[in-house]
Amino acid sequence: MVIAHIHVIDFDDENNIINKNVLLHQAGEIWHISASPADKGVLATCYNKTADGKVVTCAAVWRMPAELEPGGHESPEDAASPAHALELLCHLGPAAHGSTACVAWEPAGDGKRVISLADNHILLWDLQESSSQAVLASSASLEGKGQLKFTTGRWSPHHNCTQVATANDTAVRGWDTRTMSQIYCIESAHGQLVRDLDFNPNKQYYLASCGDDCRVKFWDTRNVTEPVKTLEEHSHWVWGVRYNHSHDQLVLTGSSDSRVILSNMVSISSEPFGHLVDDDDLSEQEERSQEPPQDSVIATYEEHEDSVYAVDWSSADPWLFASLSYDGRLVINRVPRALKYHILL
Amino acid sequence: MAAAAAGRGPGCGPGDSPEGPEAEAPERRRKAHGMLKLYYGLSEVEAAGRPAGPDPLDPTDLNGAHFDPEVYLDKLRRECPLAQLMDSETDMVRQIRALDSDMQTLVYENYNKFISATDTIRKMKNDFRKMEDEMDRLATNMAVITDFSARISATLQDRHERITKLAGVHALLRKLQFLFELPSRLTKCVELGAYGQAVRYQGRARAVLQQYQHLPSFRAIQDDCQVITARLAQQLRQRFREGGSGAPEQAECVELLLALGEPAEELCEEFLAHGRARLEEELRSLEAELGPSPPAPDVLEFTDRGGSGFVGGLCQVAAAYQELFAAQGPAGAEKLAAFARELGSRYFALVERRLAQEQGGSDNSLLVRALDRFHRRLRAPGALLAAAGLAEAATEIVERVARERLGQHLQGLQSAFLGCLTDVRQALAAPRVAGKEGPGLAELLANVASSTLGHIKASLASVHLFTAKEVSFSNKPYFRGEFCSQGVRESLIVGFIRSMCQTAQNFCESPGEKGGATPPALLLLLSRLCLDYETATISYILTLTDEQFLVQDQSPVTPVSTLCAEARETARRLLTHYVKLQGLVISQMLRKSVETRDWLGTLEPRNVRAVMKRVVEDTTAIDVQVGLLYEEGVRKAQSSDSSKRTFSVYSSSRQQGRYAPSYTPSAPMDTNLLSNIQKLFSERIDVFSPVEFNKVSVLTGIIKISLKTLLECVRLRTFGRFGLQQVQVDCHFLQLYLWRFVADEELVHLLLDEVVASAALRCPDPVPMEPSVVEVICERG
């Protein structure tokens, strides 16, 4: 049995200090992890379980030991101290549905509803009795030619959290969680496999996707025939795309060309240029409004030596982001100061 | 007289010294000549005589006029010795004798002439005397005649006067008779239809009648005449309105009416109305030809008919109008111009409709000839009616048609190019007969290139007709300047090259990125085509164009370099897309093979997996395909026998570090691993990077993409011990065969090492296979 680790990393912005706490995840190696939006001590993982010479990916909800919850400021400096183990809350169902690729929490909910994607099924779970029990509320499955398999999914924060987007092969689909029926489908959204999705946190119909064709595409889910915008900056598969939580013109992408790229998608953001300028600062506003909004790459981060598989923004500080690569390197970066002031002022 | 002169000569001689006569001889002869000349009125004797000598004032010159014998003798005696004196004396004596004999001969020879001259003169004297007598008689006779003549005229004087008076009376009576007869004559003329005659009579009588209208008899005549004239005018108008007869008759009618003093204003209105009716008839017949149901006559015939019918008619009307109503001044001219403008515009509308029907046609020469004729015919009325702007409008139409033609040619070229591409696609898609290759890529490329070039040349040639010297509109500024530079060069040739690049680029954008839509070979072929265009064809075509259409326009044109850059960019994108596509095909194969296999439960490897062989085969096929069109390219120099590279990489010491379980929190392994990877990636590999135009670069690109995919796929799986070993075997096999295709074989090694290392990391039980065993398996195939 492979024992995986979960590293809880504390980053002290003021002193620039990083603290690491290791949690044991005894069930098996982790392929996907997502934290509950309501309870910072609760997280869900998808992990590999090897049984009878077969690998099955299961999903479970866990609770961290209280003293290690992020923010619970305690630092067991000595690495030798016995690693804490996660406390299992519940399994997300029997593995009958197949390998779970992804677990997504309801973004604005109370941490009671979870979606898991298992093979070609999309399963909506209700967590009951303080998450110790997962009840399958509803499900839907994708039927079609061949072996369809969901690769990833995102829960939209808009529309009262009734929409989920999933990716399988080259297609992106939207689902309504109330009826568990498909709302839209972007067939061949990418030339090759779609690797990741993210919803614009401020514009309810905007969705970003990335995939093996090295592209990042931005979609308006009301018109799915054409992408609104396409970025082609990476030279290999793009594994992750993330909107900044508060300034949605900032888009972060990570790719197996081992680069992380921060882009400024002004033209399709909810903050058109000069919108946030103070009214009394008219002259400056005029000056700025003359510049047309220009999408651009802000920075390319090349600190990683191998493929970057995950990128994400800090939920606390909108100017902070982290990326993780194959060789186990986690890099925390900040948005360039000049740009930050440019956006803020 | 001559005799006298001859006699006088010897007469003067004896008075001189003994040498004198001899020395005088030529002088005398000259003198005799002088006398003769004097006699015959040639007065320049002295004038001619003097300048003849070498020095006329030299007194020692024997032949000079101022010869002085004393001086001469003195000089001789003083200067010469005796012997010379003797010599000169004998010489002189001999000369004198010779001269004497000469003179005698001359006298003898001329003697007869002197005699006959004397005779003639004598006879003349006689004749003159007779003539004088006759003249006297003539004078007397003349006097008599004059006298008689005076007498006769005196007698006839008063009779002559009477006759003159009578003749005057007679003429007056004739005029009166004409006046009295005028009404009946007019009536008769009107009855006979000799309107011209009638009008002439009336015109002749009008002034007289006007003058004498106070006399009752004349008044009656005038009244009668007016009645008849009114009738005449009536009839003329009638005839004019009926308008059955042609334009000349009408013009005549109008002329007569004008002579009758009808109001010109009204007449010119009517005249134009008639002209309009007739021309409208022409237009209607032209329109009928346009009609949808009968097959329209060819455009040349149409413009011919329009030219002779309508334009000819218009010319006649205009010419007649200008002749008849010249007195009308600018107002009349304006009326005519408006008339011509209106009808002309209708005619142009018809012509344009007809030309629009020609749009589909391909025969440029016919069209150009038709346009030429159309344009040429309109020059006459254009010159006649400059104000109506007919010629300008015609030129405009011709220009428009030429422009449309250019557009059509562009479309034609584009569709021809697309047709070529379709052919290529079919040729590529055609099932290969076993053992027999279809037409090779190189051949297909040559076909496409030559047929495209052929089409371009054909288009140029046919467009060139518009600027031919004999075509009437070719010297218009549009055809000399804008048509050549903006039309032919920019919109046709440059436009086509651009659209060709665009078409080619569209293949890169095709939605079917999964590879189904565009055959990769087509991409390769197009890329080579664009590259060829960049290197040679574009400049060739443009030079050809510039030569054929001597571009005089100064407007800016697209430089060759810009086009070349565009073509090159297109070629690069196509080739890059080709690499992506082919890389994708191989990646998909590798990916499926990794994803679908159960790596945990696999058995100990005995063979290289079939898919790896397939990968090598496909790569070889691609190598051959690319080799048909692109040059080899540069390879990094390496040891020649790289295939024998052993598995030292995998079995080296660092392997221990790599295969160690990574989940132990202890640090040393991790750092070891990191440093190794850092070393490995000292040079970052850009997987989907732009390629260069050579085979090695293309193959390198494809292999990079494929191996990177393999790497990523392997990282997503969990391997059993034998799974890892299988990966080891596969990678060794790939290494054995792929190195030869790439520019830098180190790249293949790096990527394959990375694959094996990743597989080892993904293996809970990493026991690598012995390198020797791996080699054996691979060599077994």
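**Close-up 1. A buried pair, Glu29(A) and Arg762(B), in the predicted model.** Both Glu29(A) and Arg762(B) are buried, a term that stands for under 20% relative accessible area, with exposed meaning over 50% and partly exposed in between (1.4 Å probe, protein chains only). The two residues form a salt bridge in which the closest N and O atoms are 2.5 Å apart; a salt bridge is a side-chain nitrogen of Lys or Arg within 4 Å of a carboxyl oxygen of Asp or Glu. Because Glu29(A) lies in the loop between E2 and strand E3 (30–35) of chain A and Arg762(B) in the loop between helix H25 (745–761) and helix H26 (771–780) of chain B, the pair joins two chains. Helices (H or I, at least four residues) and strands (E, at least two) are DSSP runs, numbered from the N terminus. The model is predicted, with local features needing pLDDT of at least 70 and side-chain atom pairs counting only at pLDDT 80 or more, whereas totals for chains, interfaces and linings use all residues. Residues are numbered from 1 along each chain as its sequence is written, chains are lettered from A and ligands numbered from 1 in the order in which they are written, and side-chain values use heavy atoms, leaving out hydrogens and water.

**Close-up 2. The salt bridge between Arg715(B) and Glu754(B).** The closest N and O atoms of Arg715(B) and Glu754(B) are 3.3 Å apart. Arg715(B) belongs to helix H23 (residues 695–715) of chain B and Glu754(B) to helix H25 of chain B, so the pair ties together parts that are 39 residues apart in sequence. Arg715(B) and Glu754(B) are each buried. Through shared partners, salt bridges join Asp306(A), Lys708(B), Glu712(B), Arg715(B) and Glu754(B) into one network.

**Close-up 3. Helix H24 (residues 721–738) of chain B.** At 1.5 Å a residue, the 18 residues of this helix should span 26 Å, which agrees with the 26 Å between its end C-alpha atoms; the expected span is 1.5 Å times one less than the number of residues. H24(B) is mostly covered, since 15 of its 18 residues are buried.
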